[in-house]
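Please open the structure in a viewer and keep the selection tool at hand.

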Amino acid sequence: MNEKLLLDDGTELEQVFCRPDTLTDVPYHYCPGCGHSVVHNVLMEVVDELDIQDKTIGVAPVGCSVFAYHYMNIDMQEAAHGRACAVATGIKRVLPDKLVFTYQGDGDLAAIGTAETIHTVNRGENILIVFINNGIYGMTGGQMAPTTLPGMVTSTSPYGRDIHMSGYPLKITELAAQLPGAYYVTRQSVHNPNAVRKLKKAVTKAFEYQMQNKGTCFIEVVSNCPSGWKMTPVETIKYLEEVMFPYYPLGDVKVPKE
Amino acid sequence: MIKGTVKIDAKICKGCELCIVACPQNALALSPNFNDKGYRYVELIYDACTGCVNCALVCPEAAITVYRQAKSSKKSQLKSE
């Protein structure tokens, strides 16, 4: 970080931001403008800042972020679809001095893995759950997910999600906050620089709580999916602000009483 | 005004334009050229960068390195003037 740069007019500049050291040099496979990679960057920045690279263990899900272990230069374990929380529980119980986090999408955490997630939070397992919510199954071609908004067009709901047929979008973050095992539950986003700064603070807090053995920390990140939503990355930001945030309001859902 | 600059790794840039929207100085733009993967990459078009780090925070590819004038060097520059 202490690299210097000398401009032509003699002004000396110092490096204030660079690619996190804990990220590998592999370029991301994500589509242009995807929120997944921003969350990867933030997670690895926090790992760098807290200097916990050698004692962090991540659990990768099934979904777009299935190759998370290619990019994060930490110990990682791949879990079966939806079972990341269960795998993380096992890792944390065997190695209680390590910091364990799961990284899951909405198809993984909110659909097939609902039972594992709810029960992990209910048991108050001392792990961090990072939940990326973009309201769609990105990897398989933009199918409807439990978090898809009413009226949202996906490849399996071509006339928009019909709540009489498919029910209402699942607010799993609010559900998790009801459980006594949850210690810190928050909903963040990565659509602009300030949101990224807030997410970084939330992740730092969650890792610190885990070091103090407080209980389950749950961070939802409302993200975009330019390919699945069939929009340009810049259009997805507008869609997030106008359509997603009214239904998924940002902010802390459950904060520890101090 | 604090001076800064960015270095963008054109090899891994995918031209998603999120940094262009995030830049308060409007100093970034898509290049007319393409990189090896066929994306139009982003480049600094004029020298208005203040090193605010906004572009690097939203960059999904972590392709942006930001440099900024140190506060101490700014002070010494003012004194010498």
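Begin by selecting A:Asn213, which lies just after helix 8 of chain A and takes a positive phi of about 55°. Helices (H or I, at least four residues) and strands (E, at least two) are DSSP runs, numbered from the N terminus. This is a predicted model, in which local features need pLDDT of at least 70, side-chain atom pairs count only at pLDDT 80 or more, and totals for chains, interfaces and linings use all residues. Residues are numbered from 1 along each chain as its sequence is written, while chains are lettered from A and ligands numbered from 1 in the order in which they are written.

Next, select helix 8 of chain A itself. Its 19 residues should span 27 Å at 1.5 Å a residue, and the end C-alpha atoms are 27 Å apart, which agrees; the expected span is 1.5 Å times one less than the number of residues. Among the buried residues of this helix are A:Val196, A:Leu199, A:Val203 and A:Phe207. A residue is buried if 20 or more other C-beta atoms, placed from the backbone, lie within 10 Å of its own.

Strand 9, helix 8 and strand 10 of chain A make a right-handed β-α-β unit: with the strands pointing away from the viewer, the path from the first strand over the helix to the second runs clockwise.

Keep strand 10 (residues 216-222) of chain A selected. Is this strand enclosed or open? Because 7 of its 7 residues are buried, strand 10 of chain A is largely enclosed by the rest of the structure. A:Thr216, A:Phe218, A:Glu220 and A:Val222 point one way, A:Cys217, A:Ile219 and A:Val221 the other.

Then show the neighbours of strand 10. Strand 9 (residues 182-189) of chain A runs parallel to strand 10 of chain A and is joined to it by 7 bridges; strands pair if DSSP finds at least two bridges between them. Strand 6 (residues 128-133) of chain A also pairs with strand 10 of chain A in the parallel sense, over 6 bridges. At A:Val221, A:Gln188 stands opposite, and A:Ile132 has A:Val221 as its bridge partner.

Finally, display both chains. The contact takes 28 residues from chain A and 27 residues from chain B, where two residues are in contact if their C-beta atoms, placed from the backbone, lie within 7 Å. Strand 2 of chain A gives the largest share of the chain A side, 6 residues. Strand 2 of chain A pairs with strand 4 (residues 64-69) of chain B in the antiparallel sense over 4 bridges. To end, select A:Gln15 and its bridge partner in strand 4 of chain B, B:Tyr67.

Definitions and conventions. A residue is buried if 20 or more other C-beta atoms lie within 10 Å of its own, exposed if 12 or fewer, and partly exposed in between; C-beta atoms are placed from the backbone.
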